[in-house]
Amino acid sequence: MLTTTLHEDLRQGVRQLCDRYPVSYWRELDGREAYPEAFVEAMTKAGHLGALIPEEYGGGGLGVTEASIILEEVNRSGGNAGVCHAQMYIMGTILRHGSDAQKREYLPKIAIGELRLQSFGVTEPDAGSDTLSISTSAVRKGDKYVVNGQKIWNSRTQYSDLMLLLVRTTPLSEVKRRTEGLSVLLVDLRQAVGHGLTIQPIKTMMTHFTNHLFFDDMEVPVENLIGQEGMGFRYILDGMNAERILIAAESIGDGDWFVEKATNYAKERVVFGRPIGQNQGVQFPIARAHVNLRAADLMRFRAAEMFDAGQPCGAEANMAKLLGSEASWEAANACVQTFGGFGFAREFDVERKFRETRLYQVAPISTNLILAFVGQNVLGMPRSY
Ligand SMILES: Cc1cc2nc3c(=O)[nH]c(=O)nc-3n(C[C@H](O)[C@H](O)[C@H](O)COP(=O)(O)OP(=O)(O)OC[C@H]3O[C@@H](n4cnc5c(N)ncnc54)[C@H](O)[C@@H]3O)c2cc1C
């Protein structure tokens, strides 16, 4: 895809904002596992997190292509868009499947950051990657759903006002197809925490604000059901394609950061009387990572273009995410190796980004599950599950 003036202007705008939050800002927050409130606020004010919300609801009216450029630039600057990326795309389920009243109520407030919807509850401890086996139940009682169960790896919940929650409204044993009987609820966390919802933070390798959630008779008003009861799996699927394209872009931003950092260091660091980058054993891994990043980037823009044109893009979104996350990890490894001992020193930031970018081969979907999707759904080989 050729670069447009809009995209160049957008990149410049995001770069200027990110310049105010240099690597030292992220390093300091990472050290005390603190949320980058000032950065998220600035991204919100600049309208970046409302990019995908149509203008009629006060958003930027942009596509996934542009949204992906925004997040790519954040990671390219040395930051971590994972702290706020979900505010961009979770609302897509309301936008595409919510009622007019829900759209009018929530989207304008999400667009300006008055409401944060950046918590998405899908994964459960027992179901793992097998989403259709989730068992968190919502039973209708009058004008309320009563929710019981658990979610795990629920990120940013403590920095969110709302959460999109996938629940079973019909038990698995009572549905004809496993994709049936799932529903999507919009949970108001401000009311739910302490009233049936307990949040237990999980410490992770990188700072990610992720949690184990426990639901014990948590009540959700029936009017917070998105779309039709029982159709929830279909609703979250198209949102997942957007998520995968955006994660691919973040990975590519990370990868380019590593390549630039490694390249500069390889030119400057002199050992045995010459720059280490003069040795092809140092130069080639960096060059190869760059090659693979450019290839991943093509697939990311292809997937984004198809998503924005309303075409089915499950295969492309998954492939972009796989290629992007592997290319960024390859670049991360090359960068650590190039830095030698300093690759492990906090003050050089390589180790932080290394920890952060590793996640994307596991979440939001692991590499094996993407390969299974391609093997089974694209190539038509026998299903393994
Ligand atoms: C930091 C972090 C943040 C997250 N944030 C969120 C969030 O906000 N919301 C949310 O809902 N989830 C979130 N997740 C969950 C994430 O999507 C899952 O961790 C991921 O989908 C993998 O599921 P799992 O951890 O249960 O692994 P499992 O399903 O237990 O799989 C473990 C390993 O086995 C492999 N495997 C499993 N089945 C097969 C198979 N049939 N064939 C081949 N290989 C297989 C997998 O590829 C994986 O490598 C987050 C996870 C992390 C770590």
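Predicted model: local features only at pLDDT ≥ 70, side-chain atom pairs only at ≥ 80, totals over all residues.
Helices here are DSSP runs of H or I with at least four residues, strands are DSSP runs of E with at least two, and both are numbered from the N terminus. Residues are numbered from 1 along each chain as its sequence is written.

**The whole protein**

- The protein has 13 helices and 10 strands.
- Its C-alpha atoms fill a box of roughly 80 × 50 × 40 Å along the principal axes.
- The radius of gyration is taken over C-alpha atoms, and the globule rule is 2.2 Å times the number of residues to the power 0.38. For 385 residues a compact globule would come out near 21 Å, and the protein agrees because its value is 21 Å.
- A residue is called buried if 20 or more other C-beta atoms lie within 10 Å of its own, exposed if 12 or fewer do, and partly exposed in between, with C-beta atoms placed from the backbone. Buried residues account for 47% of the 385 residues.
- Two residues are in contact if their C-beta atoms, placed from the backbone, lie within 7 Å. Taking contacts between residues at least 6 apart in sequence, 72% join residues at least 24 apart.

**How to read a helix pair**

- Two packed helices are described by the angle between their axes and the distance between the axes.
- Axes are lines fitted to C-alpha atoms, for helices over the stretch in contact, and angles run from 0 to 180 degrees between N-to-C directions.
- Angles under 35 degrees count as roughly parallel, over 145 as roughly antiparallel, 65 to 115 as roughly perpendicular, and the rest as oblique.
- A crossing is left-handed if the near helix is turned anticlockwise from the far one by less than a right angle, and right-handed if clockwise.
- For residue classes, Ala, Val, Leu, Ile, Met, Phe, Trp, Tyr, Cys and Pro are nonpolar, Asp, Glu, Lys and Arg are charged, and the others, Gly among them, are polar.

**Helices α9 and α10**

- Helix α9 (residues 232-268) and helix α10 (residues 280-308) cross at roughly 155°, and their axes come within 9 Å. The pair is therefore roughly antiparallel.
- The crossing of α9 past α10 is left-handed.
- On the α9 side the contact includes Ile245, Ala249, Ile252 and Val259, while the α10 side includes Ile286, Leu293 and Phe307. By class, this contact has 16 nonpolar, five polar and three charged residues.

**Helix α11 and its partners**

- Helix α11 (residues 314-339) packs with helix α12 (residues 350-358) at an angle of about 160°, and the axes are 10 Å apart. So α11 and α12 are roughly antiparallel.
- α11 passes α12 in a left-handed crossing.
- Among the residues that meet here are Trp329, Val336 and Phe339 in α11 and Val350 and Phe354 in α12. Seven nonpolar, two polar and two charged residues make up the contact of α11 with α12.
- α11 also packs with helix α13 (residues 367-378), at about 145° and with the axes 10 Å apart. This crossing is left-handed too.
- Residues making the contact include Met319 and Leu322 of α11 and Ile370 and Phe373 of α13. The contact of α11 with α13 has seven nonpolar residues, two polar and one charged.

**Backbone details in the loops**

- Pro364 sits in the loop between α12 and α13. The peptide bond from Ala363 to Pro364 is cis, with omega near 0°.
- Phe209, in the loop between β6 (197-202) and β7, has a positive phi near 55° without being a glycine. Phe209 is buried because 21 other C-beta atoms lie within 10 Å.
- Phe272 is another non-glycine residue with a positive phi, about 55°. Phe272 counts as exposed because it has 8 C-beta neighbours inside 10 Å.

- Val220 lies in strand β7 (residues 210-221) and counts as buried, with 23 C-beta neighbours inside 10 Å. Beyond its neighbours within four places in sequence, Val220 is in contact with Ala138, Lys144, Tyr145, Val147, Leu185 and Val187.
- Thr263 is in helix α9 and is partly exposed, with 18 other C-beta atoms within 10 Å.
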